[in-house]
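User: I have this one open on my screen and would like to walk through the fold with you. Could you start with the terms and then go piece by piece?

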Amino acid sequence: MTIKQLRQKFLSGDMTPLEYMERILEIIREKEREINAFTHLDKTDTLLKEAEIWTRRYKSGEDLPPLAGIPVAIKDNIAVKDMPLTCASKILQEFISPYDATAVKKLKEAGAIIIGKTNLDEFAMGSTTEYSIFGPTHNPVDLERVPGGSSGGSAAAVAADMVPVALGSDTGGSVRQPASFTDTVGIKPSYGMVSRYGLVAFASSLDQIGVLARNVEDAVLVARVIAGKDRYDATSRELTVKGVLESLDTVDGIKIGVWKELNEHPAEEGIMTVWDEAIMKASKEFPMIPVSLPDIASGIASYYLIAPAEASANLARYDGVRYAWRVLDASTYKEMVKKTRTIGFGKEVKRRIMIGTFALSAGYQDAFYKKAVAMKYKIMKNFEEAFKQVDVILVPTSPKLPWKIGEKMAPSEVYKADLYTIPVNLAGLPAISIPAGYVDNLPVGIQVIGRYGEDEKVWAVADKLLSLWR
Amino acid sequence: MDIKVDKGLVRKIADMAMLEFNDEEIEEFVSYFEEMFGVFDMLGDISPNYGTSTLPATLHDDEPESRVDYHDLWMRFSLMKNGYLLVPPIRGGDEE
């Protein structure tokens, strides 16, 4: 059932927001113990009271906002007033947000009920949702497997029907890859389309709030609500966002590009089979044109310098003075800061701070950071050239199927699982991951990538493709 | 660039990053850095000066052709001071 259908039920009285909330809470009670999607759930009384208010307002027949009475979950690196904002880290474990992120404020104004906060890899650094002080989130598709990350809690909550929609954040694929792993839809908007105010900064030039849902229509509905220029984020901007129904009519004449060099950087065999079938089905509706993106595989190297470099600066503020928790057993300021950071940050976060600090240190900037930024420009140029021939480009979302929780992999092996999603962030482009098929009952997602600011075109094509692939 | 990663280098970086590690962890970081240098080799011989900056006159310029190049801004701020702890936070993120 889509949000639109749900609203129809609320309007007709077939179901009330209160009944829906009770059903949602029942599902959470039933499944949360084995999935571990949430880091925090609002009090049951508060949620039911809020749903009751919306029930009364629907009955009164007044004109209601687009998400009136719809429960939404928020990734725990996005600020929700009076709720914990932990980033799944010990260093922020006691921190309660004193304000709403702009995206959350917009959701509340649109009538959404914020049900709670979802699990993530600490500070959104990871691809599995295993690096969390709250323990790993399990994939509802197969509980022994990871749900992807870092927005794995949001993806799992949506996939398990705990909420119809959830917010995540996407710095290198953290919305799209979990969407692919959990058979859901994940939108990564153009950089600047959604304000980052209230999103805990990881890599500011790449971070973007995104949406996870069970279908394109719901994801788009929420993306439209949270989009827009915000005076609190100088990089945000007003991008044209048409209604999903209008934009669905715009797929006529669309030319789809298919990444030519995929065979040089192939995904696992089963994924390639799903990919080939998906392309074949799509070719019946759209002209498919091979496009060259020769440098995008080098995005991994560029990203794993730029993102840690920015992270090392952004995470410098966690010094035991300005936020929440600190080590008390220290005799000097420097000792306190070092101990707080050493104990407060998890292993993966420390890895990234270390590599970022190194990349920015005197003598290595030209060899590493500046070359990484140069490669970012080259990748942008790759896309620019490709978009002279086509309107959107298809690339698989992940080269790997969801792997087992606890599986031992070298860090660089895990990083390479972001191979297909990272270039989109480096270029600031809009993309969406949609379900394209299955390998041994494990889901496979494919990304639709568009020109900067042409989010609505990406969504329209995705909606059409999803109807062909499902 | 041929860089020798040893315990001394890792300790120096840890100190800059305000982190502490024991000997075993330092060893792990030596291996991690070596592993990551393998990844960074994918950058090949691209010139650090590749690409041009499209920095607009102001942060609030609304022309789509001249949107803010945040990387460039960020790099200028951070490299200006040559120390990560001295990077001035740009408004946004979780700072009110």
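Analyst: Helices (H or I, at least four residues) and strands (E, at least two) are DSSP runs, numbered from the N terminus. On that basis chain A has 16 helices and eleven strands. This is a predicted model, in which local features need pLDDT of at least 70 and side-chain atom pairs count only at pLDDT 80 or more, while totals for chains, interfaces and linings use all residues. Residues are numbered from 1 along each chain as its sequence is written, and chains are lettered from A and ligands numbered from 1 in the order in which they are written.

User: What radius of gyration does chain A have, and what does the globule rule give?

Analyst: The radius of gyration, taken over C-alpha atoms, is set against a globule rule of 2.2 Å times the number of residues to the power 0.38. For chain A the value is 21 Å, close to the 23 Å from the rule for 470 residues, so the chain is as compact as a globular protein of that length. Its C-alpha atoms fill a box of roughly 65 × 55 × 45 Å along the principal axes.

User: And how much of chain A is buried?

Analyst: Buried residues account for 62% of the 470 residues in chain A, where a residue is buried if 20 or more other C-beta atoms lie within 10 Å of its own, exposed if 12 or fewer, and partly exposed in between, with C-beta atoms placed from the backbone.

User: Which residues have the most contacts inside the largest nonpolar core?

Analyst: A nonpolar core is a set of buried Ala, Val, Leu, Ile, Met, Phe, Trp, Tyr and Cys residues joined through C-beta atoms within 7 Å. The largest one has 168 residues, and those with the most contacts inside it are A:Val72, A:Val165 and A:Val448. Helix 10 (residues 299-314) of chain A gives the most to this core, with ten residues.

User: What does A:Val165 touch?

Analyst: Two residues are in contact if their C-beta atoms, placed from the backbone, lie within 7 Å. Leaving out residues up to four places away in sequence, A:Val165 touches A:Ile3, A:Val72, A:Val158, A:Val211, A:Leu212, A:Ala213, A:Asp218, A:Ala219 and A:Val222. For chain A as a whole, among contacts between residues at least 6 apart in sequence, 76% join residues at least 24 apart.

User: Switching to strand 3 of chain A: why is it described as largely enclosed?

Analyst: Six of the six residues of strand 3 (residues 113-118) are buried, so this strand is largely enclosed by the rest of the structure.

User: Which way does it run against strands 1 and 2?

Analyst: Two strands pair if DSSP finds at least two bridges between them. Strand 1 (residues 38-41) of chain A pairs with strand 3 in the antiparallel sense over three bridges, and there A:His40 has A:Lys117 as its bridge partner. Strand 2 (residues 71-75) of chain A runs parallel to strand 3 and is joined to it by five bridges, with A:Lys75 partnered by A:Thr118. From strand 2 the chain crosses through helix 4 (residues 102-109) to strand 3, and this β-α-β crossover is right-handed, a term used if, with the strands pointing away from the viewer, the path from the first strand over the helix to the second runs clockwise.

User: Where does the cis peptide bond sit?

Analyst: The bond from A:Gly149 to A:Ser150 is cis, with omega near 10°, and A:Ser150 lies in the loop between strand 3 and helix 5 (152-159) of chain A. Eight of the eight residues of helix 5 are buried, so that helix too is largely enclosed by the rest of the structure.

User: What happens just after helix 5?

Analyst: A:Asp161 takes a positive phi of about 65° there, within the loop between helix 5 and strand 4 (165-169) of chain A. A:Asp161 is partly exposed, with 15 other C-beta atoms within 10 Å.

User: Last topic, how is chain A divided into domains?

Analyst: The bounds come from an automatic or database domain assignment, which gives domain 1 (1-293 + 379-470) and domain 2 (301-360). Their centres, taken over C-alpha atoms, are 28 Å apart, and 25 residues of domain 1 are in contact with 21 residues of domain 2. On the side of domain 1 that touches domain 2, helix 14 (411-416) and helix 15 (422-427) of chain A each supply at least two residues.
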